[in-house]
Amino acid sequence: MPQQLRPAPPPDQVDTRRLVLIGTALFALAAVVIALVPSLRVRSDGLWLWTAIAGAGLGVIGQLVMRWQKAP
């Protein structure tokens, strides 16, 4: 005997631009902090710095793509 399923809840409305902007800003902040604290750079051999730079760069690209998709 099939069970009665509840209807799916409505999807949440999320401001994707703001979310990507916050993530980009956090990656940029992390890059600045890692660049200013020598022990973080030396211990990770620069991997964390480049990861933070890549995250910020991808966030900028994401913002540009979202702007391009919204353009008429």
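How many helices and strands does the secondary structure of the chain come to? There are 3 helices and 0 strands, where helices (H or I, at least four residues) and strands (E, at least two) are DSSP runs numbered from the N terminus. Along the sequence the pattern reads α-α-α.

This is a predicted model, in which local features need pLDDT of at least 70 and side-chain atom pairs count only at pLDDT 80 or more, while totals for chains, interfaces and linings use all residues. Residues are numbered from 1 along each chain as its sequence is written, and side-chain values use heavy atoms, with hydrogens and water left out.

**Overall form**

The radius of gyration of the chain is 19 Å, well over the 11 Å that the globule rule gives for 72 residues, so the chain is more spread out than a compact globule. The radius is taken over C-alpha atoms, and the rule is 2.2 Å times the number of residues to the power 0.38. Along the principal axes, the C-alpha atoms fill a box of roughly 65 × 40 × 15 Å. Of the 72 residues, 17% count as buried; buried means under 20% relative accessible area, exposed over 50%, and partly exposed in between (1.4 Å probe, protein chains only). The chain exposes about 6,500 Å², of which carbon and sulfur atoms supply 69%; accessible areas come from the Shrake-Rupley method with a 1.4 Å probe, and for residues only the protein chains shown count as cover. Among contacts (heavy atoms within 4.5 Å) with a separation of 6 or more, 57% are between residues 24 or more positions apart.

The table sets out the spans of two helices; the expected span is 1.5 Å times one less than the number of residues.

| Helix | Length | First to last C-alpha | Expected span |
|---|---|---|---|
| α1 (residues 16-36) | 21 residues | 30 Å | 30 Å |
| α3 (residues 47-70) | 24 residues | 35 Å | 34 Å |

In α1, Thr-24, Ala-31 and Ile-34 are buried. They cover an arc of only 90° around the axis, which puts them on the same side of α1; the arc is that of the directions from the helix axis to the C-beta atoms. The buried residues of α1 pack against α2 (38-44) and α3. The face of α1 turned away from this buried side carries exposed residues, including Leu-19, Leu-26, Leu-29 and Leu-36.

In α3, the buried residues are Leu-49, Ala-52, Gly-55, Ala-56, Gly-59, Gln-63 and Met-66. Their cover includes α1 and α2.

**Individual residues**

Gln-63 lies in α3 and counts as buried at 18% relative accessibility. Apart from neighbours within four places in sequence, Gln-63 is in contact with Arg-17, Val-20 and Leu-21. Leu-21 belongs to helix α1 and is exposed, at 52% relative accessibility. The C-alpha atoms of Leu-21 and Trp-68 are separated by 15 Å, with the two residues 47 residues apart along the chain.

The count of salt bridges comes to 1, a salt bridge being a side-chain nitrogen of Lys or Arg within 4 Å of a carboxyl oxygen of Asp or Glu. The side chains of Asp-15 and Arg-18 form this bridge, at 3.7 Å from N to O. Asp-15 is partly exposed, with a relative accessible area of 42%, whereas Arg-18 counts as exposed at 55% relative accessibility. Arg-18 is also one of the exposed residues on the face of α1 turned away from its buried side.
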